[in-house]
Structures are given as structure tokens and as C-alpha cells.
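Here is a note for a colleague who is new to reading structures. Please keep the sequence and the 3D view open while going through the points.

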Amino acid sequence: MQSPHKPLGAAGTSPSSCWWPGRQHSFPEDGGHLRPGNKAVPGKGLCFQEQRRKPITPDLLMTPSDQGDVDLDVDFAADRGNWTGKLDFLLSCIGYCVGLGNVWRFPYRAYTNGGGAFLVPYFLMLAICGIPLFFLELSLGQFSSLGPLAVWKISPLFKGAGAAMLLIVGLVAIYYNMIIAYVLFYLFASLTSNLPWEHCGNWWNTDLCLEHRGSKDGNGALPLNLTSTVSPSEEYWSRYVLHIQGSRGIGSPGEIRWNLCLCLLLAWVIVFLCILKGVKSSGKVVYFTATFPYLILLMLLVRGVTLPGAWKGIQFYLTPQFHHLLSSKVWIEAALQIFYSLGVGFGGLLTFASYNTFHQNIYRDTFIVTLGNAITSILAGFAIFSVLGYMSQELGVPVDQVAKAGPGLAFVVYPQAMTMLPLSPFWSFLFFFMLLTLGLDSQFAFLETIVTAVTDEFPYYLRPKKAVFSGLICVAMYLMGLVLTTDGGMYWLVLLDDYSASFGLMVVVITTCLAVTRVYGIQRFCRDIHMMLGFKPGLYFRACWLFLSPATLLALLVYSIVKYQPSEYGSYRFPAWAELLGILMGLLSCLMIPAGMLVAVLREEGSLWERLQQASRPTMDWGPSLEENRTGMYVATLVGSQSPKPLMVHMRKYGGITSFENTAIEVDREIAEEEESMM
């Protein structure tokens, strides 16, 4: 029967398609555009004369250039972008994971927790917690091509976890760039013939300043009394760089240090210029910033092991003390090192993976990055402790009296060791340049995470103006970080470091793991990975995701609460109000999760249980971002989708079956079998 909305054409012509005012649209197969020979009929609507043409390719198999000027009733956002080179993603992940903590935290943790014996719990925790969670976050990002907020289309009930990620990464980015500013300060100070922290007698030095150079007698170095004196490098750091004597505590930060203020400004300018075009620009910068630190680390390692007394430090670093393995503290310290070193839960890995092609082999990349990160930490320990061994021999004191962790190692101990070497400004410049490149990679990831998350939420408004939005974020964070450039800025930095990414981050990762494996479903998640990579994760990954990783993180969370210690910096103890502020900072990220649940439930309809069920289910448009990658349950769920049939039906009909499309056929078959078994 002929449709009243599609009248027959004149005799001898093919039927025409018309658009009639006030009636349902009826367009021809070519999209309904006016062609030569078509005409508008006054008072009747716009009619299209259909042309004889060859059979067309199904829409889902057509490229945008094949589709011509098809005008759907959807305004698509600007292109999200992808990595432009094969190694962009891999190097970005390596640069993100291999950061300052590999140099100033791992070596210290290793020697204080059993030396070489520490490697046993370290690699065991890497297998139980590090590798599985790393792969889970990469899989989420690559499968959906979405940032930390929009990715929770997988289960809107837990979108608060994405908001918590953004809060955590925002706080970390503020103080992390201040550390880069300190590095820039020392980098510029190294551009001289004599390092300014080499001698006493400067205006910032006190009567306690003593140049720590052991005097020699016939039997070697005479030991120095380090407890009653202060080294020039320590006074340079505390009294000149920080000018901490100008502050009475965290409540009275004092004046802004304009040299630090300018260094912080330079740090933010560098970061902004590198992320100006998103991953297309930062993906090229990491070819230098992710690889050059290894060259410098190798140079420092070779120089260190050739120094007299170097073996003394290396022996102190790696001598196994297996009785430490009986202590729970050692296992907790190993898990903490893995957890923070890989950057799981900050959203950086998820963001980087979201710019991959759908079939990128992230399984291989996971092992390359995680094992490479571990090996880098071990090599950094050799480079650091070989120099500390030389330093202890020169001073005539045990290694444990010169070894420190954190900023104390980077800005006091190692700079002091550099003054004992020939060509000390050269080695000092190399060391701080290495720290600069290590820190910038991680900072790129923090900023890209924030920008990507927000632009994915509001793509039509922000994606075309992503560079401007990135600039506004950098300006806002620079202004918020100005308190760190004051005389008492180090107190605020310590507070942010201790609480911004402590127990709150663990809660976020535990929530993410449980939401994906328990609410979304481990079978469905593994099937998604099968569709993406061509194989399902094995028993090892499933066991870790379901039991081992959440249990380990829960143990870490309980341990951090039970063993809670107030923050301190040197001999300074933080007041109660500062401790409360830090705890609230950590709790705020945790509270975003139930707040997000409340919002998601209120948006649904029905009883409370029905609302919870609806909010926990994936949204209709959850799945691969490109329609050609959708199969089974994901077909025709995108806005503007033109295919009423499963994608693989088209694939089988028109040919072009690839290995990944065969995988999609298998996934279709599995879904059909599951549906039959449920009926």
C-alpha cells in the first residue's frame, strides 16, 4: 500500500520523496538533499526526485568522506583528538609514572625496610595491586574514549568517584608545580662557576654553619659532629630559598618570595605551552621529557659508582635484612610505594588511554610501563646511594646519617654531595634538569586530566575552546599556589602533600574497582576487553580485580588510619586546626562519592530500590565512541546512529572481516547465548 506521505511521481519517473509541512519526515536513502532535477512544490512541500544509482554501502561501514553532506538532526562536538604518533601514549605513561618519587622516595624506603629484602614485597605488591589496577584504568579509558567524569556512564551511581579524582588531582597539581618551581630555582642557581651552597659566610648563614668536609689524618677521614652544626646546603635551602625564618608557622605565612613567585609562574607557563594543543602537543614533548632523564640518570650512575666509597653506599642500600619481612610495616610500605608511584586513581592513566585507538594493545603497554617504572626506581637507588656512600666516606660518618628522603634528599643532601665533586656546577645542573623533566611529565598528566574531564562533560561549549580553558585552569591554579611561595609556604606544601592524596585516594580506587567488577559486572567488563583487544583477561586479573586488589587497598586504608601521625616539618609541629583542615581535605574527596550517589538517585523515578537499580545501570550511550567499534548490545545506541541492525550483520554481508571483527562475532554469540539461558 502506498504511503500517503510518499506520493507516486509522474508516469515514467521514479517515485519522489517529499517533506510535507506538519507531517512526518520521509527522506530518500541518500539523506534527502536537494539535487539537480528536484523541485519545491508551492503549497505542498519540498519534493526530491530519486535517481537511479548503484547500491550504496551501509552507513555504518562508510567513512565520513563517503557519506557526503549527510545532515543528521544532531550537532556533533568538535573532534576530541587522538595521539598522533605510535609511541606518544607509551612515552606519556612512562613519563607520568616515572616521577620525582622514583628518585627521592623509593631508595629511602628500600634501605629503611630491609634493603634488598624490600624487593620481595615490592614486586609481590606490584603483581597483586599495581599491574591489575593499572590495566583496569587503561581499559576503562580506552574502551569508552572518555575522561574521569564522563566515563561513569558505565554506572552513573558512582560518578562522585570521578569528581573526587578531579579534586585530588587538582590539589596535587597545585603543590606539585611548586616543587618544579624549586627545581627551576636550583637549576638557575647552578649556572655559575661556584655553587652558592658550597661555602658558609653568606648573609643567610648562621654561626652554626660548618662546611662539612671531613679532615684527613693518617688513618682516613676524621668524623664530624653533624648534630651540632648545619651544612651550607641546608641553610641555603631553608634560610635563602624558603626563607622560612620569616614565618612563625602555618598560620602566619609571611611575605611572598618574589623569586619563587617568578619560578612558579615560569613553571605554569611551561606546562601551559606543552598542553596547549592537548595530547597532540604534550605527546610530542614527552619524546624528550620521558627519555632524557634516563640519559642523565645513566650519567649520574656511572659517575657515582666510580667515586671512592660508592660501594659502601650501595651495600647499605641493597644488603638484604630478611627479618624485616616479618613486619607488616614493610609490606604496607611496599604497597604504598607501588600505589603512588604508578599514579593509579588520579585519572591520568584513564585520560591518556581515552585518546588511544580502540584496538591499541594496552595489555602489552601495561607490563612495559609498570616493570619499567620498577626498574627505574631500583637504578635511581644505585645512582643516589653511590653518591651518598662517597659523601659518608668524605665526612667520616655512617651512611644512615647522611641519607634522607623527599625534599631533604633533592635540595639538601644531594646538592651538598655535588659540591664535593670536580665540575660541581655541571653535575648539579644535570641532576636538577633530570628532576625538572621527571616532574613536568607528571604535571602534564594532572592538567590534561582536569581539562579532559571537564571538556568531555561540556563538549559543545569547551572543546572548540580547549586552549583557552586550559589557560584559565593554569592561571587559577597559579593564583591558588601563591601561598606556597611565601616564607611559610613549605608548611602548606607539607600539609597538601600529607592529606590531599592520602586515604581519600585509596577510597576512590576501592570504589572504582568494586563498581566495575561488582556493579557493572566482571563478566561484562571482560567481554568489553575481549571486544577491544581480541582476548579476555585471564584468571590472574579476575582474581586481583575481584578480591586481592580491593583487599590490599582496604588493608592500606585501615593501616593509614590506625597508624595516623600528625604532620610535621623538621622540629615544627602543626597546630590542631591545621591537622583538622588536612583531615577535612581528605574527607571531602570521600564525601563526593555519596553526594554523587544522592544526585544520581534523585534524577531517577520510582521507589528507592528502583532508583538505585536504574542509576547503577550503564547509560544508553555507554560503549565505544565510534560506531564502527560497536557490536552486540552497543549497536545503535549512539546519538545519530543510522543502523537498526547489529554491526556484524553488515560486516558479514559486505565482507571485510578482520580478526577484531571475528572477535565481535564471538562476543555477539556469547551475548545471544546468555540471553537464551536467561529466558
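**Notes on the salt bridges and their surroundings**

1. Lys284 counts as partly exposed, with a relative accessibility of 41%. In this predicted model, the side chain of Lys284 forms a salt bridge with Asp88, and the closest N and O atoms of the two are 3.8 Å apart. Asp88 belongs to helix α1 (residues 88-97) and Lys284 to helix α8 (residues 279-289), so the bridge ties together parts that are 196 residues apart in sequence. The two ends can be contrasted, since Asp88 has a relative accessible area of 0% and is buried, whereas Lys284 is partly exposed.

2. How many salt bridges does the structure hold? The number is 10, and another of them is formed by Asp621 with Lys153, where the closest N and O atoms are 3.0 Å apart. This pair links distant parts of the chain, 468 residues apart, with Asp621 in the loop between α22 (608-616) and α23 (647-654) and Lys153 in the loop between α4 and α5. Asp621 is partly exposed at 26% relative accessibility, and Lys153 is likewise partly exposed at 26%.

3. A further salt bridge brings together the side chains of Glu457 and Lys159, at 2.8 Å from N to O. Because Glu457 lies in helix α15 (residues 424-457) and Lys159 in helix α5, this pair ties together parts that are 298 residues apart in sequence. Glu457 is partly exposed, with 26% relative accessibility, and Lys159 is partly exposed as well, with a relative accessible area of 29%.

4. The protein chain contains 24 helices and seven strands, and 54% of its 679 residues count as buried. When contacts between residues at least 6 apart in sequence are considered, 78% of them join residues at least 24 apart. The chain exposes about 30,100 Å², of which carbon and sulfur atoms supply 64%.

5. The cysteines deserve a careful look. One disulfide is counted, and this bond joins Cys200 to Cys209 with a distance of 1.9 Å from S to S. The angle about the S-S bond is -85°, and the link of Cys200 and Cys209 is left-handed. Cys200 is partly exposed at 24% relative accessibility, while Cys209 is buried with a relative accessible area of 11%. Two further cysteines can be checked for burial: Cys274 is buried at 13%, and Cys590 counts as buried at 14%.

6. Which residues make the nonpolar surface patch of about 640 Å²? They are Phe188, Leu191, Leu262, Leu265, Leu266, Val269 and Leu273. Helix α7 (residues 258-274) gives the most to this patch, contributing five residues. Leu273 is found in helix α7, and a relative accessible area of 53% makes Leu273 exposed, because exposed means over 50%.

7. Within helix α13 lies Thr366, which is buried with a relative accessible area of 1%. Leaving aside residues up to four places away in sequence, Thr366 touches Ile131, Phe134, Phe135 and Leu138.

8. The last point concerns the backbone. Most residues other than glycine have a negative phi. Ser145, although not a glycine, has a positive phi of about 55°, and its place is in the loop between α4 (119-144) and α5 (159-189). Is Ser145 buried or exposed? At 12% relative accessibility, Ser145 counts as buried. His243 also has a positive phi, near 50°, and is a residue other than glycine; His243 sits in the loop between α6 (232-241) and α7.

How values were computed
Residues numbered from 1 in each chain as written. Predicted model: local features only at pLDDT ≥ 70, side-chain atom pairs only at ≥ 80, totals over all residues. Heavy atoms only, no water. Disulfide = S-S within 2.5 Å. Buried < 20%, exposed > 50% of the residue type's maximum accessible area, 1.4 Å probe, protein only. Patch = residues over 30% accessible without salt bridge, like charges linked within 9 Å, V, L, I, M, F, W, Y side chains within 5 Å. Areas by Shrake-Rupley, 256 points an atom, 1.4 Å probe, with all protein chains shown as cover. Salt bridge = Lys/Arg side-chain N within 4 Å of Asp/Glu carboxyl O. Helix = DSSP H or I, 4+ residues; strand = E, 2+ residues; numbered from the N terminus. Contact = heavy atoms within 4.5 Å.
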